[in-house]
Amino acid sequence: MALIIFNAERHDVGTAKPFALDIEAGGENWMSVTLEEQGVYGAYIPGTEFGGLLEKVTETTDSRLIKYEGHTWRGLLSQKILTPPPGADYYTTAAGDAQDVLEELIGGRFNWLIRAAASTGISVAAHQYSRYCTILEAIEELCRDNGLKLELEADNHDGYMMCLAALTPAVNIGAVYGEDSRYKMRWTDDRTGINHLICLGSGELRDRYVLNLYADTAGNISTTQTITGLAERTAVYDYGSIEDNADLGKEGRKRFRELLSSRRLEVEEFPDDLKIGDSITSRRGDVEYTAPIDRIIVKCKNGRYSTEYRIKEEA
C-alpha cells in the first residue's frame, strides 16, 4: 500500500510516509494521519476507497509532526442531505441504469471530487427515499432494495485526484462453522439479554400508562409473550416525560433493541476482494447467521499496513 497526498487543486503532491494512519470506512467514516508534510488537503490509497479530505489540522510547537483528520469519501457522502423537490413529499428516482441513478444522487454536489463511474450494465428499480436523508443513506437504501453495494475507488484521472462510485452486486460467502478451513470464526450466542420490557409512560401511580413489550427467540418484538418462566428476563424503561403515550411503543422498541440477546460472528482472515456491503453466511447445526461487513479499517504503524474487517452485529 502507498499513501498519496494531494493539494486543494486536486493534484497529487507525492507519496507520504505516515508516522501513524487510521482510516475507518463505514462506521465513523473518519480518518487520521500524522505526517511531516505541510499544507496537505487530502490523502488516499490508490485503487481503494481508503482516503478522504483532511480538514482538521493539529500542530504543536514542540514537534515537527502534524496530525491531519477528516471525513472519508463515505463520510463526505453523509455530509449532504437529499431534500424533496419543491412541492413533493419525497425524493424519488425512476427505474433505470444504476450508474445513471447514482449520478443523479451524487451529481455535482462534491465539485466532481466524487462522481459516478461509467455504466456497469446493472439496472435498479424506481425508489422513494426517506425524507431528508443523507446522500450516503439514500445510496444505502437503493443498494438494500436491489441487492447491491456501493464501491468507491480513488485514483488519479488525467492529472486530477477523483473518487469514482459504482453500484455492484453484493457478494455473499457461505461457510460451515468448524468445517470450513478458509476462515477462523468465533461464534457467540448470547441469550442473557432482556426479553420483556415494561415501558412506563406519563401519569401517576395506578393511572400511569404501562406498555409491555416482549421479544421471542428470534428477536422479534411484539405485545405477545412467548418466553416465560426461568428464561424470562425483565427490565423497566421509564419515560415519564413523554408528551404523547402513543409514541411510547416506538421509543420503547428502540430501547428494547439495545437490550436484546444477540448473536455475533467474528471472522479473522477475509478474502482481499470483499467490500463493505458484502457478507458471510455461517451455519452451525440448524442455525444460519448472515453477517454483513459494515466497516473496514486500515492502519499503518512503523511503516507496516494492516487491514481489519468488522461485521455488523445482529440484535
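Is Glu24 buried or exposed, and what is its relative accessible area? Glu24 is buried, at a relative accessible area of 13%; buried stands for under 20% relative accessible area, exposed for over 50%, and partly exposed for what falls in between, with a 1.4 Å probe and protein chains only.

Before I continue, a word on the basis of this talk. The model is predicted: local features need pLDDT of at least 70 and side-chain atom pairs count only at pLDDT 80 or more, while totals for chains, interfaces and linings use all residues. Residues are numbered from 1 along each chain as its sequence is written, and side-chain values use heavy atoms, with hydrogens and water left out.

Let me stay with Glu24. This residue belongs to strand E3, residues 20-25. Helices (H or I, at least four residues) and strands (E, at least two) are DSSP runs, numbered from the N terminus. A polar atom of the Glu24 side chain lies 2.9 Å from the backbone nitrogen of Glu28. Setting aside residues up to four places away in sequence, Glu24 touches Asn29, Trp30, Thr72, Arg295, Ile296 and Ile297, where contact means heavy atoms within 4.5 Å.

Ile297 is buried, with a relative accessible area of 6%. Beyond its neighbours within four places in sequence, Ile297 is in contact with Asp22, Ile23, Glu24, Ser306, Thr307, Glu308 and Arg310. Between Ile297 and Asn29 there are 268 residues in sequence, yet their C-alpha atoms are 9.5 Å apart in space.

Ser279, in strand E25 (residues 279-284), counts as buried at 11% relative accessibility. Its contacts, not counting residues up to four places away in sequence, include Val171, Asn172, Ile173 and Thr290. The C-alpha atoms of Ser279 and Asp294 are separated by 8.8 Å.

I turn now to the nonpolar cores. A nonpolar core is a set of buried Ala, Val, Leu, Ile, Met, Phe, Trp, Tyr and Cys residues joined through side-chain atoms within 4.5 Å. The largest has 36 residues, and those that touch the most other members are Trp73, Leu77, Ile114, Tyr129, Ile139, Leu150 and Leu167. Several elements each supply at least two residues of this core, among them helix H1 (73-77), helix H2 (98-106) and strand E17 (160-169). Helix H3 gives the largest share, 6 residues. Another core, of 30 residues, lies apart from it and includes Ala43, Phe270, Ile276 and Ile296.

What span should helix H3 have? At 1.5 Å a residue, the 12 residues of H3 (residues 135-146) should span 16 Å, and the end C-alpha atoms are 17 Å apart, which agrees. The expected span is 1.5 Å times one less than the number of residues in the helix. Buried residues of H3 include Ile135, Leu136, Ala138 and Ile139. Just after H3, Gly147 takes a positive phi of about 65 degrees.

Finally, the sheet. An open sheet of 4 strands runs in the order E2-E1-E5-E6, with antiparallel pairing. Strand E2 (12-16) and strand E6 (51-53) are at the edges with a single partner strand each, so one side of each is left without a neighbour in the sheet. E1 and E2 run antiparallel and are joined by 4 bridges; two strands pair if DSSP finds at least two bridges between them. Ile5 has Gly14, in E2, as its bridge partner.

Notes
A polar contact is a pair of N or O atoms within 3.5 Å; within protein, one must be able to donate a hydrogen and the other to accept it, and residues adjacent in sequence count only if both atoms are side-chain atoms.
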